[in-house]
Amino acid sequence: MSTQINKKVLMTILIIGCFLSTLNQTLLNVALSSFIEVFKVSPSTVQWLATGFMLVNGILIPITAFLMKRFSTRQLFISSMTLLLIGTLFCALAPNFSILLMGRMIQAAGAGIIMPLMMSIVMFIYPPEKRGSAMGLIGFAIIFAPAIAPTLAGFILEYFSWRWLFIGLLPFVVFIIVLAFKYLINISEQETARLDVLSVILSTLGFGFLLYGFSSAGSLGWASLITLSSIITGLVITSVFCIRQLKSEDPLLNLNVFSNKTFTMTSVINVLVTMIMYADMILLPIYLQDGRGFTALDAGLLLLPGALVNAFMSPVTGKLYDKYGAKPLFIIGLLFVIPTMWVVTDLNDTTSFTFLMIRTIFLRVGLSFITMPLNTAGLNALPKLLITHGTAVNNTVRQLAGSIGTAVVVTIFTVQSIKHTENISIEMPSAGLEQLKALASIYGSSDAYVFMTILSILALILTIFFPNKLKNIPAKTKTT
């Protein structure tokens, strides 16, 4: 079938769709404080624009394996983009916060479908020896959108109304829907699949509680009743969901993918790398804004060069993966990541903006050798029947890892900042409140980077034990 497909047209449509979806997801990160003023809501309420998006996105991802069996590629992609369009319209016209949040949830429903769908399509239409290059192109879209989002959002908020964050997106979404209707063809064959409603309920509640619990830990703390009860409830329900999947003849999410050693090992590395990546995106702006007094736009500009390098490196590392395999790329990437974590374990109030920008560029070069090759290596190891389940599991793991990484690093930062506040007040009794807070924030950030350095070293140790030709390992995974 793949020889009859115009892959360039197909990939162009997918990459634009992915770019718009990811841009929409990250565009509001620097705009939350503006919405507090516009809608007169509390910081904890406005945070639901991010938390709610993540919850809906995370809940939908495990169901995508069933959706990809039951519906055509064309139907799912157009549905995803249509949900993005409807949600964006709601947000652009929102007269109050509730409508804005509703629109955000609708957008998230579309975003939850698009990522696993795209990865599955690549695995279906390209042979194993060319998948790295194709995944690298998708990686470009996934990384380029968050790279420009903070600067773009900062510019729009500075010179235009917040509504243009959504109005500006509308014509592009309409354009990609028109292109999809005209050029997008079906890739996979549809099956008469039965929806296991109980599994859908269990996955929705289980992953929903877990994601909410870990996201709450960052703001409420690990000792909070809401945090603990959400995580424990999520773990119990998710355990029941997993047992049901293992016993089912036609599981909603086939966990037999983990019986493949390669997929399991790449999933573990994926968890560590995602935790590092998400934590750095949270921690560096905290240091810059709370510790050094830089604006959100300054923080976005500092992150921009590194993220652009990462985006443009993604297709290059995809081709390198096809040529040399995964293990050499992982090792090179982590040899970049480890020093970039270590050099910021002693941040102070004179660390230069330029130094941090160069450090972030090196970090992003390292991540470009890891992220998309990691996904490709894990999925390449699976038989074709399990690829849709592999992509769903892969994206679910990343979503959970991002939430856990953010929660853990914010907790370390908060606890250490409190300790440093006490110590600094004793050592510098004449320090003002603002200076005290700034210094405590700087030292707390340094301590959190120690934890992230340990994570990156652990990832390197695991990588050393990988087979030399990771991408060529035959899959022995049991299918049902």
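Predicted model: local features only at pLDDT ≥ 70, side-chain atom pairs only at ≥ 80, totals over all residues.

Student: OK, how many residues are in the largest nonpolar core?

Tutor: There are 94 residues in it. F35, F77, L100, L165 and F166 have the most contacts inside that core.

Student: And which helix gives the most to this core?

Tutor: That's α7, residues 97–125, which puts in 13 residues.

Student: What does F166 touch, leaving out residues up to four places away in sequence?

Tutor: F166 touches L28, F35, T88, C91, A92, L100 and Q107. Besides the core that F166 sits in, a second, separate one has 45 residues, including V273, L283, L334 and A448.

Student: Back to α7. How far apart are its end C-alpha atoms?

Tutor: They are 43 Å apart. With 29 residues at 1.5 Å a residue, α7 should span 42 Å, so the two values agree.

Student: How many of the residues in α7 are buried?

Tutor: 24 of the 29, so α7 is mostly covered, given that buried means under 20% relative accessible area.

Student: What happens at the start of α7?

Tutor: A side-chain oxygen of N96 comes to within 3.2 Å of the backbone nitrogen of S98 there.

Student: Switching topic: at what angle do α1 and α8 pack?

Tutor: About 35 degrees, and their axes are 8 Å apart. Helix α1 covers residues 7–27 and helix α8 covers residues 131–159.

Student: Is that crossing of α1 and α8 left-handed or right-handed?

Tutor: The crossing is right-handed.

Student: Which residues meet there, from α1 and from α8?

Tutor: From α1, they include M11, I15, C18, F19 and T22. On the α8 side, A134, L137, I138, A141 and F144 are among them.

Student: Last topic, N310. Where is it?

Tutor: N310 is in helix α14, which runs over residues 296–324.

Student: Why does N310 count as buried?

Tutor: Because its relative accessibility is 1%, and the cut-off for buried is under 20%. Not counting residues up to four places away in sequence, N310 touches I143, R364, L367 and S368.

Student: And S314, is that buried or exposed?

Tutor: S314 is buried, with a relative accessible area of 2%. S314 is also found in α14. Leaving aside neighbours within four places in sequence, S314 is in contact with G136, G139, F140, I143 and M372.

Technical notes. Residues numbered from 1 in each chain as written. Heavy atoms only, no water. Core = buried A, V, L, I, M, F, W, Y, C linked by side-chain atoms within 4.5 Å. Buried < 20%, exposed > 50% of the residue type's maximum accessible area, 1.4 Å probe, protein only. Helix = DSSP H or I, 4+ residues; strand = E, 2+ residues; numbered from the N terminus. Contact = heavy atoms within 4.5 Å. Expected span 1.5 Å × (residues − 1). Polar contact = N/O pair within 3.5 Å; in protein donor to acceptor, adjacent residues only side chain to side chain. Axes fitted to C-alpha atoms, helices over the stretch in contact; angles between N-to-C directions. Left-handed = near helix turned anticlockwise from the far one by under 90°.
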